[in-house]
Amino acid sequence: MPIAPVAFPPTLTGIELDPNHGLSKQLYEILRQQVLDGRLSGGMRLPASRDLAHSLGISRNSVIRAYDQLYAEGFIEGRIGDGTYVAQLSERSAAPRRPSRKKLSTNLPTGVPTGLYTGLSTIAAEMPSNCSDEVIHSATRVLLEKHHLHEPPTGRPRAFRVGVPAFDLFPFALWGKLYAAFWRKPDLAQLGYGTAAGDSRLRELIAVYLRSSRGLHFTAEQIVITSGAQHAISLCAQLLLTPGDSVAVENPGYRAAGHAFALAGARLHGVPVDNEGMHCADLEQADCRLAYVTPSHQYPTGVVMSLARRLELLAWSE
């Protein structure tokens with residue numbers, strides 16, 4: 001029995017794709033534009049991915065990726081057992097978008113990750129270049145522009161590069177075995193959201209380590225796990241400072257810490273460092289609410305703060 005030909009929307013016939021460029025991206029852009037300008041109207045049934053791929057002479061995966069992106073951005077919708085349809089768009093949504101200085105459109109998706117592949121999206125490229133002026137409060141934007149951190153260098157680790165650990169000391173083999181052992185039979189309770197302070201068992205082990213190695217008597221409830229030093233410094237800045245407070249930082253010192261304090265609205269006072277550490281006597285004149293110090297291994301000089309300076313620092317803090 002002969003198979004009836006697949007009926008395609010007229011606008012999908014005659015599509016030509018350049019094989020030298022991304023096929024999925026081209027198809028996505030064509031279909032998206034046809035939805036926006038009304039050539040593919042709301043409620044219209046789209047051909048199955050296999051049929052469209054056969055018609056265009058491309059792989060089915062290319063069509064699926066284009067469909068997935070359109071689905072993630074709300075241009076099409078799937079109906080169980082009935083195929084894929086063009087979503088119903090309001091007249092305002094379907095009309096060509098113009099950059100607006102009053103507010104950003106919320107009628108179309110904004111390209112926020114949804115778990116699906118988003119490399120095809122063209123929405124971000126069409127956003128007005130000055131959208132941050134409308135969304136971010138002016139005072140906050142000034143702080144971000146003034147105190148932003150530069151992107152870290154990429155590529156293989158090099159000598160004296162900031163933030164590069166001693167990879168030769170890391171137990172990669174043991175780490176790999178433990179990692180594989182966990183995923184062979186994972187504890188499902190650990191795959192959900194945990195407490196904001198971090199895994200309770202890890203915090204308890206850290207408390208035990210600090211008691212035995214440093215003589216510090218902490219409980220797990222007093223320990224917070226962060227994603228890194230910068231995260232921890234930022235949390236402390238938000239917790240301890242109010243805009244306008246003064247903070248003493250080592251000069252030279254860890255610049256990223258200064259950025260975190262400045263973003264919290266603090267005024268920075270650089271305090272000189274010599275072969276004994278920070279000049280703690282200068283803290284009295286600076287009238288600071290907080291001092292950021294690296295006494296055990298000063299960054300970047302490597303100096304260890306002398307006992308006399310540590311006592312001065314404690315006296316100032318009291």
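User: Let's start with strand β4, residues 246-251: how many of its residues are buried?
Analyst: In this predicted model, five of the six residues of β4 are buried, so the strand is largely enclosed by the rest of the structure.

User: Which strand does β4 pair with over six bridges, and in which sense?
Analyst: The partner over six bridges is β5, and the two strands pair in the parallel sense; within that pairing, Asn-251 stands opposite Pro-272 in β5. Between the two strands the chain passes through helix α11, residues 255-263, and this β-α-β crossover from β4 to β5 is right-handed.

User: And what about β4 and β7, how many bridges there?
Analyst: β4 and β7 are joined by three bridges and run parallel, with Leu-290 in β7 as the bridge partner of Val-247.

User: So what's the strand order in that sheet?
Analyst: The order is β6-β5-β4-β7, an open sheet of four strands with mixed pairing. The edges are taken by β6 and β7, each of which has a single partner strand, so one side of each is left without a neighbour in the sheet.

User: Do tell me about β5 and β6: parallel or antiparallel?
Analyst: β5 and β6 run antiparallel and are joined by two bridges, and Val-273 stands opposite Met-278 in β6.

User: Back to the end of β4 for a moment. Which residues does the cis peptide bond with omega of about 5° join?
Analyst: That cis bond joins Asn-251 and Pro-252, and Pro-252 itself sits in the loop between β4 and α11.

User: Where is the cis bond with omega of about 10°?
Analyst: A cis peptide bond with that omega joins Tyr-299 and Pro-300, where Pro-300 belongs to the loop between β7 and α13.

User: OK, α13 then, residues 307-317. Which of its residues are buried?
Analyst: The buried residues of α13 are Arg-309, Leu-313 and Trp-316. They cover an arc of only 65° around the axis, which puts them on the same side of the helix, whereas Leu-307, Leu-311 and Ala-315 are exposed on the other side of α13.

User: What do those buried residues pack against?
Analyst: The buried residues of α13 pack against β5 (267-274), β6 (277-278), α12 (282-286) and β7 (290-292).

User: Ala-281 and Leu-313, how far apart in sequence and in space?
Analyst: Ala-281 and Leu-313 are 32 residues apart in sequence, while their C-alpha atoms are 8.4 Å apart in space. Ala-281 lies in the loop between β6 and α12, and at 53% relative accessibility Ala-281 counts as exposed, because the cut-off for that class is over 50%.

User: Switching to helix packing: at what angle do α10 and α11 pack?
Analyst: Helix α10, residues 229-240, packs with α11 at an angle of about 30°, and their axes are 9 Å apart; the crossing of the two helices is right-handed.

User: Which residues meet there?
Analyst: From α10, Gln-230, Ile-233, Ser-234 and Ala-237 meet Ala-256, Ala-257, Ala-260 and Phe-261 of α11.

User: Now the other sheet, β1, β2 and β3: what's the order?
Analyst: Those three strands form an open sheet in the order β1-β3-β2, with antiparallel pairing. Its edge strands are β1 (45-46) and β2 (76-79), each pairing on one side only.

Conventions
Residues numbered from 1 in each chain as written. Predicted model: local features only at pLDDT ≥ 70, side-chain atom pairs only at ≥ 80, totals over all residues. Heavy atoms only, no water. Buried < 20%, exposed > 50% of the residue type's maximum accessible area, 1.4 Å probe, protein only. Arc of directions from axis to C-beta. Contact = heavy atoms within 4.5 Å. Pairing = 2+ DSSP bridges. Right-handed = clockwise from strand over helix to strand, strands pointing away. Axes fitted to C-alpha atoms, helices over the stretch in contact; angles between N-to-C directions. Left-handed = near helix turned anticlockwise from the far one by under 90°.
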